[in-house]
Each structure stands twice: as C-alpha cells, then as structure tokens.
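Have a look at the structure first, then we'll go through the cavities.

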Amino acid sequence: MDSPDTTNAAVRRPNETIAINPTRGKITLGTRRLFNLLLYFSQQDGIKDTYSRSITEVMAYVTTSKDSEWLKNCFRQMQETAIEWNNKDGKVEEWGISGLISEARVITAGHATTIAWSLPNIIRERLMDPRFYTKLTLEIHSKLTTGASIALYEICSRYLTNPTKVTNREAWEWWQPRLTGNSKRDAKEYKYFARETLRPAIAEVNLVSDIIVELIEHKNGRRIESLQFKVTKKVAPALEREAVKPFDGELLESIIRLGISQQEARSLYADHDLKLVMKTVALTEQRALAPNLAPLKSKAAFFKKALSGEYAKAAPVAVTVVPMTALPAPVLSPQERKVQVGAQIAAKRIQDALRLWEEQGGEDQMALLREFRDQSTVDGYRKDITRRGLACMVSIALRTAFCQWYADKTWGAVTDQEMIDFLVG
C-alpha cells in the first residue's frame with residue numbers, strides 16, 4: 001500500500017487521549033507520531049478486533065528508518081503508558097484508566113512485513129463515536145519535530161473550539177511531564193523548563209501549525225506558579241506555503257533574544273535562507289561584543305539591516321560596520337514595551353555574563369561549565385561540554401544558552417526597578 005496522503009487527512013482524537021501523562025519511562029517523538037497514525041488508520045477502518053498496515057506505509061509517516069526494532073520500542077512505550085480521565089455527564093461521573101494499545105505485533109513473511117495492533121475497548125469505542133474530540137491534521141503532526149511541540153499542539157488544539165480559547169490553568173510542574181513525555185522531572189526550576197522546552201515548542205507550533213499559541217504565566221510574587229495557553233486560529237496557515245523549512249528552535253530563540261518580537265522573528269526565519277540567518281545572528285553578536293567599536297544601539301535593527309543587505313556573506317570573520325539609517329520607533333503598548341525592555345536587559349546581561357566568565361581562570365571557567373552541564377536538559381550541550389571542554393564555547397547556541405544561565409544565576413530575574421533604571425539611563 002502507498003504511504004498515507006496527509007494533505008487533508010485528520011483524526012478525531014478523543015479528548016481522553018490528549019495531554020498524556022507518562023507514568024513511567026518516556027514518550028518519544030516517534031511514539032507520539034505512531035500513536036496518532038494508528039488512531040487515524042483505526043478510525044478509517046471502523047470497529048475491528050485487530051487493525052493492520054504494511055510497515056512501509058507506517059514508516060513513511062513516522063520516520064525515515066526502516067528498522068523494525070525502532071518500531072518495537074515505540075510499541076513497548078505505548079504498552080507502558082497509561083492514560084486517565086474523569087468524565088461527568090449529568091449525574092453520572094466516570095473515572096477510567098487504560099493503556100494506549102492493548103496488543104501489537106510485527107509479522108514478517110518473506111520480504112513483506114506487516115504490523116498489527118489492537119486498541120483497548122474504551123479507546124476504540126471513544127475513537128469510533130467520540131463525544132468530545134480534537135481534530136488533528138496529520139500533515140501538521142508530521143512537520144512538528146519535537147515531542148513537546150506535538151504535545152503542545154494537541155493540547156491547545158483541544159481548546160480552539162472552547163468559547164474562552166484558553167487552556168486549563170495548572171502548575172508548571174503539571175505541564176512539564178505532559179510536554180516532555182518524561183515521567184521524571186527534567187528541570188527542577190521553571191526557568192530551565194521554559195528555556196529548554198516550553199519556548200522552543202511554542203515557537204515551532206506558531207511557525208508551522210495552523211494555530212497561534214500564547215503563553216500566560218501566573219505569578220505569586222516573583223515566582224511563576226501556574227501556566228495557561230491562549231490559542232487562536234491562523235488566518236493564513238503556514239501549511240499553505242509551498243514548502244515548510246526544517247525547524248531550528250534554537251535559531252528562532254536566538255533571533256528573539258536580539259530584541260525582536262516572536263511574530264517578526266517567525267517571519268524573518270521563514271522568508272530567508274537559514275544559513276544566512278544563522279550567520280547574521282553570529283555577525284550581530286560579534287558586532288555587539290566588539291571592544292574597539294562604538295556600542296551597538298540596537299541589536300534588532302542591526303540584525304534586520306544586515307539580513308536584508310546580506311552582510312554576513314561578505315564578512316565571514318572580520319566584521320565590517322555598515323552605517324545605519326535611523327529607523328522609526330514602533331508604537332508599543334505598555335505591556336509590549338515592558339517585554340521589549342526586559343528582552344534588551346536580558347540581552348545585555350548575556351554579554352556581561354560572557355565578559356564575567358572570560359575574566360575567570362581556566363579551572364573556574366570549567367567548573368561553571370560543568371555546573372551548567374549538570375543542570376541542562378539539552379543532551380547536545382551536555383555531550384559537547386564533556387567532550388570539548390572550554391572549546392565548546394565556540395558554539396553560538398551553547399555559548400548563548402550558557403551565558404543566559406550564568407546571568408540568571410548571577411543576577412536573578414529582571415525586576416521592575418531594573419527596567420526603570422534602564423529606561424532612565
């Protein structure tokens with residue numbers, strides 16, 4: 001059979017199967033994709049005891065690998081994952097718990113391999129006649145590149161038809177396992193969860209899906225205790241583009257850290273060559289840190305002019321300063337101005353943190369890198385620090401993430417008084 005045409009394909013997912021909280025182990029990106037596809041095929045076939053498809057048809061959607069062992073591991077994760085729900089219909093209240101699948105088989109006969117699966121009765125019943133469901137497009141599902149992005153997309157899509165268009169309000173610790181897919185806590189503090197999981201997931205969902213997600217943080221004093229998400233439908237979905245670029249969440253975050261709004265950063269990311277964008281971010285950071293040049297008034301303005309003029313192509317190492325014309329200041333609301341000033345202070349802190357780190361001795365520098373490594377949940381950062389030592393700081397993404405962590409460690413969260421002093425200064 002041919003691979004599924006995902007252009008208009010969609011599955012009506014019972015709401016009980018949304019926001020899965022793993023009880024043990026970890027739900028990976030591949031497992032999320034596979035489970036969604038199995039539900040799609042099952043819904044197409046109707047009520048049956050056992051469903052089946054060729055391995056080629058399944059693998060074409062969930063992964064480029066043809067390794068049946070990879071598929072078996074996904075099935076094991078599904079067997080180990082339980083979902084719970086509480087439904088109330090009038091005077092009847094129902095609690096339930098179930099696994100994602102009840103049975104799975106991989107059958108090889110000659111050169112042909114078929115996979116077969118069975119669904120728990122409750123999931124099959126809800127799948128065939130869901131009272132409350134969320135419609136998920138397979139095409140969008142296949143373009144999201146992290147498990148956290150898929151989980152966030154599923155949860156927020158559920159509230160798209162809600163009159164408030166706002167998700168449930170829960171402690172940030174509630175959201176963490178449901179987005180990371182990990183039964184163990186990845187981050188012990190909210191700022192690490194936000195930096196390494198939450199913000200990249202929001203950026204990717206907003207970039208490639210048909211919805212816009214906005215984070216709502218609820219504070220108790222200076223501490224962020226709970227989260228909600230506001231969701232709206234895109235007027236012109238990104239899927240209508242001829243092709244969706246490979247998503248690089250770290251690169252998009254790097255653009256936003258220059259002081260550019262998330263919406264404009266998405267547009268710049270989508271409309272330019274990714275290598276040029278990456279080089280221009282590096283060029284902007286180099287220019288900002290250049291000790292023998294006049295201070296950069298606006299990283300955001302420099303970046304946009306350098307990107308438009310493709311300065312990075314002509315300046316691989318030495319940075320040539322190009323005179324900039326004054327740009328009209330946008331009219332911002334007080335809240336937008338506060339966000340902008342906070343971003344400017346955070347960007348300056350990253351530079352200050354780098355200078356502070358460079359003033360340390362080699363042993364102290366390495367000690368700080370190890371501390372960052374032990375707290376980071378980004379596997380690539382941990383491996384790079386362990387393998388390369390101080391030389392890992394040549395990586396723009398790692399250096400920026402480390403300096404942001406070091407700034408938070410040294411100075412804490414940006415306060416309102418700091419914003420006032422910054423504006424007065």
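Which residues line the second largest cavity? In this predicted model, the lining is made up of Arg 13, Ile 20, Ile 27, Thr 31, Arg 32, Phe 35, Leu 100 and Glu 154. That cavity is one of 3 in the structure with a volume of 30 Å³ or more.

**The second largest cavity**

- You get about 60 Å³ of space in here.
- Sorted by class, the lining comes out as 4 nonpolar, 1 polar and 3 charged residues.

**The largest cavity: space and lining**

- For the largest cavity, the volume is about 140 Å³.
- A set of 13 residues lines the largest cavity.
- If you want to find its centre, look for Glu 285, Lys 299, Ile 350, Arg 399 and Thr 400, the lining residues that lie nearest to that point.

**The largest cavity: which helices take part**

- Three elements, α11 (274–289), α14 (334–358) and α17 (396–411), each put at least two residues into the lining of the largest cavity.
- The top contributor to that lining is α14, which supplies 4 residues.

Methods
Residues numbered from 1 in each chain as written. Predicted model: local features only at pLDDT ≥ 70, side-chain atom pairs only at ≥ 80, totals over all residues. Heavy atoms only, no water. 1 Å grid on protein atoms, 1.4 Å probe; cavity = no way out; pocket = protein on both sides within 12 Å on 5 of 7 lines; lining within 4 Å. Points joined across faces, edges and corners; volume = space filled by probe spheres on them. Nonpolar A, V, L, I, M, F, W, Y, C, P; charged D, E, K, R; others polar.
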